[in-house]
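Colleague: I would like to go through this model with you, one point at a time. Please show it first.

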Amino acid sequence: MNLQQLYYFHKLARVQHYTEAAKELYITQPSLSDSISSLEKELGVSLFQKKGRNIKLTKYGYEFFYYVDEALKRLEEGIASVKARSGEISGTIDIGCIPTLLGDFLPDAMDRYYKKNPQTRFNTYYGMSTDVALGVSTGKYDIGLCSMVEDMSDLVFVPITYQELVVIVQNNHPLAQRGAIYLADLKDYKLSTYRDSIPIGKVVRKLLKEKGVEAMYSYDDEISIAGRISKSSKAAICADTPFLKQFDNLKKIRLLDVPLDTRMLYMVYSSKNFKTSAVQAFANFMVAECLNLPPESK
């Protein structure tokens, strides 16, 4: 038994899928399978069992995982402590991020941090807010950037930036001459917005319901919404993100009765997972140097 086998077991126990675990470990699936088989042979028990296309821990696997998890946490703490004493901040940080922050906000933050800490390496992954939050909770990501996700008690959400909600229409739409409107002004127009099964869609539905405005809740993101509106006579409510810049026939209209902090975005980490010195240093940097909050939220 060696440390590498324990890291492999720890990753597989969290991911519960050989192919995905092998990808995250940057090894082949046969290599991972051989390592786990060797570990099971040495222990004399089966650590995993099949569950559909995935796998899950056996009762022996659960017991072993507790000890391996504690041991690796202590090892990481020791490494972090020694590096902190030496003044060296290095390591790899895995960040899960929603697509609308991957084009400008996150790259800018990483570039500014890298100039001060050139030995740090970043791996970035994209997904919807619920996927990012789940990835942080399970340890797939060290840090996430996403909107608020409810019912995940181990996660800590730190406000980091915001995206204003606006109305978009074609340049020849009757509302295009208006610089700003109220939600009630949309009652006479066909309106589209996000699916109400995702966090931002739930927020928009609540806002519209309070004003008695009806809408079609059909889309996952700003590209889908703007692409449809660019070919339609409808109006839509969406976040003002970099994705809207590629549509030159659309007009953005401010919403006077929607607070700027309605669409808040957060840096999220798990209170149950150990954070290396590199992760902690980057999180501190984000709060100290990268906050972009509306005036009333500061």
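Modeller: The protein chain has nine helices and 13 strands. Keep in mind that this is a predicted model.

Colleague: What does the C-alpha trace span along its principal axes?

Modeller: The chain holds 298 residues, and buried residues make up 43% of them. Along the principal axes, the C-alpha trace spans about 75 × 45 × 30 Å.

Colleague: Take contacts between residues at least 6 apart in sequence. What share joins residues at least 24 apart?

Modeller: Contact here means heavy atoms within 4.5 Å. Among the contacts between residues at least 6 apart, the share that joins residues at least 24 apart is 72%.

Colleague: Which element gives the most to the largest nonpolar core?

Modeller: That core has 37 residues, and Leu145, Phe282 and Met286 have the most contacts inside it. Elements giving two or more residues include strand E3 (91-97), helix H5 (105-116), strand E5 (143-146), strand E13 (264-270) and helix H9 (277-289). With seven residues, the top contributor is H9.

Colleague: Which residues does leucine 145 contact, leaving aside neighbours within four places in sequence?

Modeller: Leu145 is among the residues with the most contacts inside the largest core. Its partners beyond four places in sequence include Gly96, Cys97, Ile98, Val132 and Ile160. The list also has Leu101, Phe105, Leu106, Tyr266, Met267, Val268 and Met286.

Colleague: Are helices H1 and H2 oblique or roughly parallel to each other?

Modeller: The axes of H1 (residues 3-15) and H2 (residues 18-25) come within 9 Å and cross at roughly 130°. Roughly parallel needs an angle under 35 degrees, and roughly antiparallel one over 145. H1 and H2 are therefore oblique.

Colleague: What is the hand of that crossing of H1 and H2?

Modeller: The H1 and H2 crossing is right-handed. Tyr8, Lys11, Leu12 and Val15 of H1 meet Tyr18, Glu20, Ala21, Glu24 and Leu25 of H2. By class, this contact has six nonpolar, no polar and three charged residues. To repeat the hand: right-handed.

Colleague: How are H1 and H3 oriented to each other?

Modeller: H1 and H3 (residues 29-43) pack with axes 10 Å apart, at an angle of about 105°. Angles of 65 to 115 degrees count as roughly perpendicular. The two helices are therefore roughly perpendicular.

Colleague: How many charged residues are in the contact of H1 with H3?

Modeller: H1 brings Gln5, Tyr8, Phe9 and Leu12, and H3 brings Leu32, Ser35, Ile36, Ser38 and Leu39. The contact has six nonpolar and three polar residues. The charged count is no residues.

Colleague: Is threonine 241 buried or exposed?

Modeller: Threonine 241 is in the loop between strand E11 (235-239) and strand E12 (250-255). Beyond its neighbours within four places in sequence, threonine 241 contacts Thr100, Gln163 and Glu222. Its relative accessibility is 3%, so threonine 241 counts as buried.

Colleague: How does threonine 276 count by relative accessibility?

Modeller: Threonine 276 is found in the loop between E13 and H9. Its C-alpha lies 9.2 Å from that of threonine 92, although the two are 184 residues apart along the chain. Buried would need under 20%. At 23%, threonine 276 counts as partly exposed.

Definitions and conventions: Residues numbered from 1 in each chain as written. Predicted model: local features only at pLDDT ≥ 70, side-chain atom pairs only at ≥ 80, totals over all residues. Heavy atoms only, no water. Core = buried A, V, L, I, M, F, W, Y, C linked by side-chain atoms within 4.5 Å. Buried < 20%, exposed > 50% of the residue type's maximum accessible area, 1.4 Å probe, protein only. Helix = DSSP H or I, 4+ residues; strand = E, 2+ residues; numbered from the N terminus. Axes fitted to C-alpha atoms, helices over the stretch in contact; angles between N-to-C directions. Left-handed = near helix turned anticlockwise from the far one by under 90°. Nonpolar A, V, L, I, M, F, W, Y, C, P; charged D, E, K, R; others polar.
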